[in-house]
Amino acid sequence: RNCELIAKVTSNDDDGWGMIVRYKDKNNYYRFITVADGGNGGPFRRLEKFVDGKRTVLAEEKLAYEAGKQYEMKIRAEGHSLELWINGEKRLTASDDTFASGKIGFMTYADGGFVIKNVRVESDEDSSQAPESEPSVPDTILGRVWSDDFHRKDIGPAWTVVDDPNPSGASHWYLSNGSLIQDSNIYRTDH
């Protein structure tokens, strides 16, 4: 239901990356996406909603991210409110009540070097907001906490990779030195 997805992220490319909350399936969810590349419509940061595969922009600012710089990201979904925080500063807000619950995740678009560290999910219910692994359960403002420091050999069963069919191939997600990394430059023409 209500949740915060918090992570440290770095992109070594200028294309797109983001965070997903209240994911139902690949056609129904909320996401934050940022693109720096002017050739791909950037620079922008957006909160978006996908319903039956149709995108609606809920909030946007025309700012780029700096390739190679680490950002502390937080996307919060509480009731009908969506908030995006970057390095402790609230940057985007939107109000929408299409999705009340769902899974969390990360996404890339034509980004050849995306690194995720120190994932933390806070939720007002049990671990159903988080990937399917063993959550830690201390008390917090929202309730339950789940975290992942990526210190193991493989992604599963904690994370599931969902690729859109496209001509440029499949993504390549893997764990290395406490990070979740995606390093294939896949893309779609309708990001």
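Contact here means heavy atoms within 4.5 Å. The legends below describe a predicted model, in which local features need pLDDT of at least 70, side-chain atom pairs count only at pLDDT 80 or more, and totals for chains, interfaces and linings use all residues. Residues are numbered from 1 along each chain as its sequence is written, and side-chain values use heavy atoms, with hydrogens and water left out.

**View 1. Val 119 and the largest nonpolar core.** A nonpolar core is a set of buried Ala, Val, Leu, Ile, Met, Phe, Trp, Tyr and Cys residues joined through side-chain atoms within 4.5 Å. Buried means under 20% relative accessible area, exposed means over 50%, and partly exposed lies in between (1.4 Å probe, protein chains only). The largest core has 37 residues, and Phe 106, Ile 116 and Val 119 have the most contacts inside it. Leaving out residues up to four places away in sequence, Val 119 touches Leu 5, Ile 6, Ala 7, Phe 106, Trp 146, Ser 147, Asp 148, Phe 150 and Trp 159. A second, separate core of nine residues includes Ile 20, Tyr 29, Phe 44 and Phe 50. In soluble globular proteins, nonpolar side chains tend to be buried together.

**View 2. The whole chain.** Helices (H or I, at least four residues) and strands (E, at least two) are DSSP runs, numbered from the N terminus. The protein chain has 13 strands and zero helices. Of its 191 residues, 49% are buried. Among contacts with a separation of 6 or more, 59% are between residues 24 or more positions apart. The chain exposes about 9200 Å², and carbon and sulfur atoms supply 45% of that area; accessible areas come from the Shrake-Rupley method with a 1.4 Å probe, and for residues only the protein chains shown count as cover.

**View 3. Confidence along the chain.** The predictor's confidence in each residue is given as pLDDT, from 0 to 100. Its mean over the protein chain is 83, and 83% of the residues reach 70 or more. Over residues 127-143 the pLDDT is below 50, and this stretch has 45 contacts in the model beyond near neighbours in sequence.

**View 4. Strand S10 and its partners.** Strand S10 covers residues 114-123; seven of its ten residues are buried, so the strand is largely enclosed by the rest of the structure. Two strands pair if DSSP finds at least two bridges between them. Strand S1 (residues 3-11) runs antiparallel to S10, and eight bridges join them. One of the pairs is Ser 11 with Phe 114 of S10. Three bridges join S10 to strand S13 (residues 179-182), also in antiparallel fashion. Here Ile 116 stands opposite Leu 180 in S13.

**View 5. Thr 10 in strand S1.** Thr 10 lies in strand S1. Thr 10 counts as buried because its relative accessibility is 12%. Apart from neighbours within four places in sequence, Thr 10 is in contact with Gly 68, Lys 69, Gln 70, Gly 113, Phe 114 and Val 115.

**View 6. Salt bridges around Glu 48.** A salt bridge is a side-chain nitrogen of Lys or Arg within 4 Å of a carboxyl oxygen of Asp or Glu. The whole structure holds 15 of them. In the pair of Arg 31 and Glu 48, the closest N and O atoms are 2.7 Å apart. Arg 31 is in strand S3 (residues 28-35) and Glu 48 in strand S4 (residues 44-51), 17 residues apart, so the pair links distant parts of the chain. Glu 48 also meets Arg 46 in a salt bridge (3.3 Å, N to O). Arg 31 and Glu 48 are both buried, and Arg 46 is buried as well.

**View 7. Lys 49 and Asp 96.** The side chains of Lys 49 and Asp 96 form a salt bridge at 3.0 Å, N to O. Lys 49 is in strand S4, whereas Asp 96 is in the loop between strand S8 (89-95) and strand S9 (103-109), 47 residues apart. Both Lys 49 and Asp 96 are buried. Elsewhere, salt bridges that share partners join Arg 31, Arg 46, Glu 48, Arg 55, Glu 60 and Lys 62 into one network.

**View 8. Backbone details.** Most residues other than glycine have a negative phi, and most peptide bonds are trans. The peptide bond from Gly 42 to Pro 43 is cis, with omega near 0 degrees, and Pro 43 is in the loop between S3 and S4. Ala 110, in the loop between S9 and S10, has a positive phi of about 55 degrees. Asn 118, in strand S10, has a positive phi of about 50 degrees. Ala 110 counts as buried at 6% relative accessibility, and Asn 118 counts as partly exposed at 44%.
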